[in-house]
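Hi everyone, thanks for coming. I'd like to walk you through a structure that may be new to you, so let's bring it up on the screen.

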Amino acid sequence: MKRFLLPGRLVKLLEVLGPALIGLAIVWWGVVYGQVIANTGMAPQRTLPCLLQTSDLCSLAMSLCKEWHFLGIKRYSAELLWIGTGISLLALAAGTRKDGGGQNAGLSDHAHD
């Protein structure tokens with residue numbers, strides 16, 4: 001069975017892009033739900049599931065928050081977090097396959113580029 005291999009440079013790009021998107025999603029969530037917590041009195045621990053998915057409670061909390069955010073952001077969408085996670089997993093899988101999964105993973109990439 002033939003496995004797919006991604007070029008080393010693409011793997012490196014995905015290794016940066018995935019975590020960057022995850023970080024951006026967390027900041028986006030923090031901006032929106034920081035305002036939600038401040039303006040609605042919602043307990044912070046009740047907003048944590050909203051990082052992963054937008055439930056009815058999350059949508060309601062965002063709609064009750066009438067204050068404008070300093071960046072003009074009104075809503076958070078968990079899709080960015082999941083896209084970043086998927087890209088990170090793809091980079092991890094491609095890097096592991098390319099390097100054979102050994103302890104020296106990533107050290108021999110330059111010889112293949």
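**A walk through the helices**

Let me start with tryptophan 82, which counts as partly exposed because its relative accessibility is 47%, between the 20% and 50% cut-offs. You'll find tryptophan 82 in helix α4, which covers residues 79-99. Please keep in mind that what you see is a predicted model. If you look across from tryptophan 82 to leucine 51, the two are 31 residues apart in sequence, and their C-alpha atoms are 10.0 Å apart in space.

Now let's step back and take in the whole chain. How many helices and strands are there in the chain? There are five helices and zero strands, so if you read along the sequence, you get the pattern α-α-α-α-α. The chain has 113 residues, and 28% of them count as buried. The chain exposes about 7,500 Å², with 64% of that supplied by carbon and sulfur atoms. And here is a number about contacts: taking those with a separation of 6 or more, 72% are between residues 24 or more positions apart.

Next, helix α1. It runs over residues 8-40. Helix α1 has 33 residues and reaches 48 Å from its first C-alpha to its last, close to the 48 Å expected at 1.5 Å a residue. Several of its residues are buried, among them Gly8, Val11, Leu14, Gly18 and Leu21. Further along α1, the buried ones include Ala25, Trp29, Val31, Val32, Tyr33 and Val36. Here is a handy thing to remember when you look at a list like that: an α-helix has 3.6 residues a turn, so residues three or four places apart point the same way. Just after α1 comes glycine 41, with a positive phi of about 80 degrees.

What does tryptophan 29 contact, leaving aside its neighbours within four places in sequence? The partners are Gly34, Thr47, Leu48, Cys50, Leu51 and Tyr76. Tryptophan 29 and arginine 75 are 46 residues apart along the chain, with 8.6 Å between their C-alpha atoms.

Let's see how α1 meets helix α3, which is residues 56-64. The two helices pack at an angle of about 70 degrees, and their axes are 9 Å apart. That angle makes α1 roughly perpendicular to α3. On the α1 side, the residues are Val32, Tyr33, Val36 and Thr40, and they meet Cys58, Ala61, Met62 and Leu64 in α3. Sorted by class, this contact has seven nonpolar residues, one polar and no charged ones.

Finally, back to helix α4, for two alanines. Alanine 91 sits in α4, and it is buried, with a relative accessible area of 2%. Which residues does alanine 91 touch, not counting those up to four places away in sequence? The answer is Val11, Leu14 and Glu15. Of these, Val11 and Leu14 are on the list of buried residues in α1. Alanine 91 and glycine 18 are 73 residues apart along the chain, while their C-alpha atoms are separated by 8.1 Å.

The other one, alanine 94, is also placed in α4, and at 1% relative accessibility it counts as buried. From alanine 94 to lysine 12 the C-alpha separation is 10.0 Å, across 82 residues along the chain.

How values were computed
Residues are numbered from 1 along each chain as its sequence is written. This is a predicted model: local features need pLDDT of at least 70, side-chain atom pairs count only at pLDDT 80 or more; totals for chains, interfaces and linings use all residues. Side-chain values use heavy atoms; hydrogens and water are left out. Axes are lines fitted to C-alpha atoms, for helices over the stretch in contact, and angles run from 0 to 180 degrees between N-to-C directions. Helices (H or I, at least four residues) and strands (E, at least two) are DSSP runs, numbered from the N terminus. Angles under 35 degrees count as roughly parallel, over 145 as roughly antiparallel, 65 to 115 as roughly perpendicular and the rest as oblique. Contact means heavy atoms within 4.5 Å. Ala, Val, Leu, Ile, Met, Phe, Trp, Tyr, Cys and Pro count as nonpolar, Asp, Glu, Lys and Arg as charged, and the others, Gly among them, as polar. The expected span of a helix is 1.5 Å times one less than its number of residues. Buried means under 20% relative accessible area, exposed over 50%, partly exposed in between (1.4 Å probe, protein chains only). Accessible areas come from the Shrake-Rupley method with a 1.4 Å probe; for residues, only the protein chains shown count as cover.
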